[in-house]
Amino acid sequence: MAKWGMVIDLDKCTGCQACTTACSMENNTLPGETWQDVLFYNAGEYPSGQMKWLPRPCMQCENPSCVHVCPTRATYKDPDAGGIVFVDWNKCIGCKYCMIACPYGVRFYADEKPLIEPDIRDVFPGENAQLWSPPYQSPDEDWRRGIGIQPKGVVSKCTFCYHKVKNAPEGIADLDEDNPDVKEYVPACVRTCAPKARYFGDLDNPESHVNQLIGDKHGVRLKDHTGNKPQVYYLGAGAGVPAFTPADRENDA
Amino acid sequence: MTTQLHKNALQGPLGWGLLVVAMAVLLVSLGYALSQIITNGHTSFNTSSALPWGQPIATYVFFALGSSGLGLIASLPLVFGFKQYYPIAKRCVFLAFALLISGMIVLALELGHVFRMLWVIPLNLQVQSAMFWMGAFYALDLLFLLWKFSKLQGGHWDSKTAKQVGIASFIGVLLASGNLALIFGMMSMRPFWFDPLMPVYFYVTGITTAVAILVLLTYLAYGFSRERMPAALIALSTGSLPKLFAACLGMTLLFITARAITGLYSNNPEINVVWADYLFKSGVYIAALLIGLLLPFIVLLSKLRNKMSIQILAAFLVMIAMFVERLYFVVGGQVVPLFKGTWIPDLISYIPSATEWSLTFIGFALCFVIYLLGEKFLNLGDMPNKMLDHTTARKPIETTA
């Protein structure tokens, strides 16, 4: 079975947020429930101040701390599904411990105050136990893997678009949106990326393009010191995340 | 007119009055909380995906650790043979039960799917999770507390079984509160909490909370009058109990100081900024430290510690301060935005919502209701016969009003 991995080239990424939008549309996420986001950072100061940005999906860690802490095994890593970390919405009790334990802040408890008004959940009230029921919905729903629109009281997260990826031919090394044979199986954020900054493939396949990129272009994993070992790698300059500095203390740095 | 004045004030009209008030607070807050949770779900909370644990979790931690502290104090006479603590043993065990139930109810109202928990936790046995063990050990703790209480209720203070149940309960308490500590202390990605000594910190602060609650409610039980109290209880309340109170307060302050110094010294903003820009920028937190912990500690170091009014005031201040400490501890671990970039440019602000406050009120009111019922019907001031002061303890006092 493949071990699905993503490579994001920061030298190519323009921070356009098309990936964020595509993810939101593909997975019917709520405003603020950004399974995929582009984080912007101000770093340094004049004359060497920088603006950095960093696309951030779930890292689908090899050693995921969120899985270890979940008291119900609702969060699990599925080696038979490419090592993707899922949330089983039939088992999640909404304790939110996984959100505490995830170093990357990529888990969401959508049953919270709306990010923007009007609350879209009031505009499209939930039916059939869904938290909300928009008129367009992705036809794929698999609560055991946290795919579809979640019910109330559970945690949600990026699934590497497993509802698409699962249909990929067995043994394929890369899911490249430029390959017409597999483009339908490519995660939404990868497929929509205009500057082609994202690559998706099998980290266990020595022939895969993602492995070549990681090896040749010095791929790094974010917050590697946590030991979580993400299956998402970053290329190029800018993968260093600036330490948190409160807004009123930026000039003290 | 002649009225009967009970030794235990809560067995008389005062008890009924307080019970009515506590029941009213409980029903109003429960009604409000349930209506909000059912109609608006967790949107009625001010927690968010960026700061998922708020005041309800802090309330649970306050009650669970208070319960553990009471369990540990009860083990002084029941396990370790410190016989001077017998007069408060039964009240401690019952209060530990009341606090734990109240904490669990608050936690249940905070969870997304509380009833699902009843089958998914036992059926999935995720032994890697500290939360799993916390649940398992607190469930055992509850069982042992009830068992131990039934022994005391039956007058078995020193029997072999009572001793064995007491030891099991003591170990259960250590494991339960220790695992609650590890839920926070093992989170290396939340450096403010990450601390291998967190269980010791929770034991110490749990006992501090417990002594405060115990002192307050014991005096209440006797109508804030030492004349009503049995001699053995007076001896304890003017002897080792206030000293234990002072010692626990001192250790609590020592722990907080050590954590604050290492935190402020650290360059890591996820610890440093929490102390410098969140905890020490909050008037409430500083007041809790200075007025709620330091002042009572200083007063209790002097001979004044044996005065009832001083003990009551100290207990009240410490109880409030420990609640504040729990709140700032739980929230403090999350205020630095985790991997959010400049979307969240500053510390995450969090003020508990009305629904979250109502959960806290539910906890306090429920705990008080259970306690009052215990005082009324279960003779919580009981102790081994040889310690009872027969001249004043059992008979109602005749007085004229």
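Colleague: Why is A:Arg191 called partly exposed?

Modeller: This is a predicted model. A:Arg191 has a relative accessibility of 32%. Buried requires under 20% and exposed over 50%.

Colleague: What makes A:Glu184 and A:Arg191 a salt bridge?

Modeller: The N to O distance between their side chains is 3.4 Å. The rule asks for a Lys or Arg nitrogen within 4 Å of an Asp or Glu carboxyl oxygen. The pair therefore qualifies. A:Glu184 is partly exposed, with a relative accessible area of 46%.

Colleague: Which residues form a network of salt bridges?

Modeller: A:Lys3, A:Glu62, A:Arg221 and A:Asp224 are joined into one network through shared partners. Within it, the side chains of A:Arg221 and A:Glu62 meet at 3.3 Å, N to O. A:Arg221 sits in the loop between α7 and β7 (232-235) of chain A, and A:Glu62 in the loop between β3 and α2 of chain A, so the pair ties together parts 159 residues apart in sequence.

Colleague: Is A:Arg221 buried or exposed?

Modeller: Buried. Its relative accessibility is 18%, and the limit is under 20%. A:Glu62 comes out at 29% and is partly exposed.

Colleague: What makes A:Asp176 and A:Lys196 a salt bridge?

Modeller: Their side chains meet at 2.8 Å, N to O. The cut-off is within 4 Å, so the pair counts. The pair links distant parts of the chain, 20 residues apart. A:Asp176 is in the loop between α5 and α6 (188-192) of chain A, and A:Lys196 in the loop between α6 and β6 of chain A. At 28% relative accessibility, A:Asp176 is partly exposed.

Colleague: How many salt bridges does the structure hold over all chains?

Modeller: The structure holds 16. Between chain A and chain B the count is one. That bridge joins A:Lys96 to B:Glu110, with the closest N and O atoms 3.1 Å apart.

Colleague: Which elements of chain A supply residues to the side that touches chain B?

Modeller: β2 (37-43), β3 (50-56), α2 (65-69) and α3 (97-101) of chain A each give at least two residues. β2(A) gives the most, with six residues. By class, this side of chain A has 29 nonpolar, ten polar and 14 charged residues.

Colleague: What area is buried between chain A and chain B?

Modeller: About 4,300 Å², with carbon and sulfur atoms giving 57%. The contact count is 53 residues of chain A with 55 residues of chain B. The rule also finds 23 residue pairs in polar contact across this interface.

Colleague: Which residues have the most contacts inside the largest nonpolar core?

Modeller: A:Tyr97, B:Trp53, B:Leu180, B:Phe184 and B:Phe202. This core has 144 residues. Helix α7 (residues 198-221) of chain B contributes the largest share, 16 residues. Beyond its sequence neighbours within four places, A:Tyr97 contacts residues including A:Val69, B:Trp53, B:Met131 and B:Met187. Another core, of 42 residues, lies apart from the largest one, and A:Tyr104 and A:Leu175 are among its members.

Colleague: Why is B:Thr205 called buried?

Modeller: Its relative accessibility is 0%. B:Thr205 is found in helix α7 of chain B. A polar atom of its side chain lies 2.7 Å from the backbone oxygen of B:Tyr201. Not counting residues up to four places away in sequence, B:Thr205 touches B:Thr252, B:Met322 and B:Arg326.

Colleague: Is A:Ser138 buried or exposed?

Modeller: Buried, at 12% relative accessible area. The cut-off is under 20%. A:Ser138 is in the loop between α4 (120-123) and α5 (162-165) of chain A. Leaving out residues up to four places away in sequence, A:Ser138 touches A:Glu26, A:Asn28 and A:His163.

Colleague: Why is A:Asp204 called partly exposed?

Modeller: A:Asp204 has a relative accessible area of 49%. Exposed needs over 50%, and buried under 20%. A:Asp204 therefore stays partly exposed. A:Asp204 and A:Met1 are 203 residues apart in sequence, yet 8.5 Å apart in space, C-alpha to C-alpha.

Terms used:
Residues numbered from 1 in each chain as written. Chains lettered and ligands numbered in written order. Predicted model: local features only at pLDDT ≥ 70, side-chain atom pairs only at ≥ 80, totals over all residues. Heavy atoms only, no water. Contact = heavy atoms within 4.5 Å. Buried area = accessible area lost by both parts, 1.4 Å probe. Polar contact = N/O pair within 3.5 Å; in protein donor to acceptor, adjacent residues only side chain to side chain. Helix = DSSP H or I, 4+ residues; strand = E, 2+ residues; numbered from the N terminus. Nonpolar A, V, L, I, M, F, W, Y, C, P; charged D, E, K, R; others polar. Core = buried A, V, L, I, M, F, W, Y, C linked by side-chain atoms within 4.5 Å. Buried < 20%, exposed > 50% of the residue type's maximum accessible area, 1.4 Å probe, protein only.
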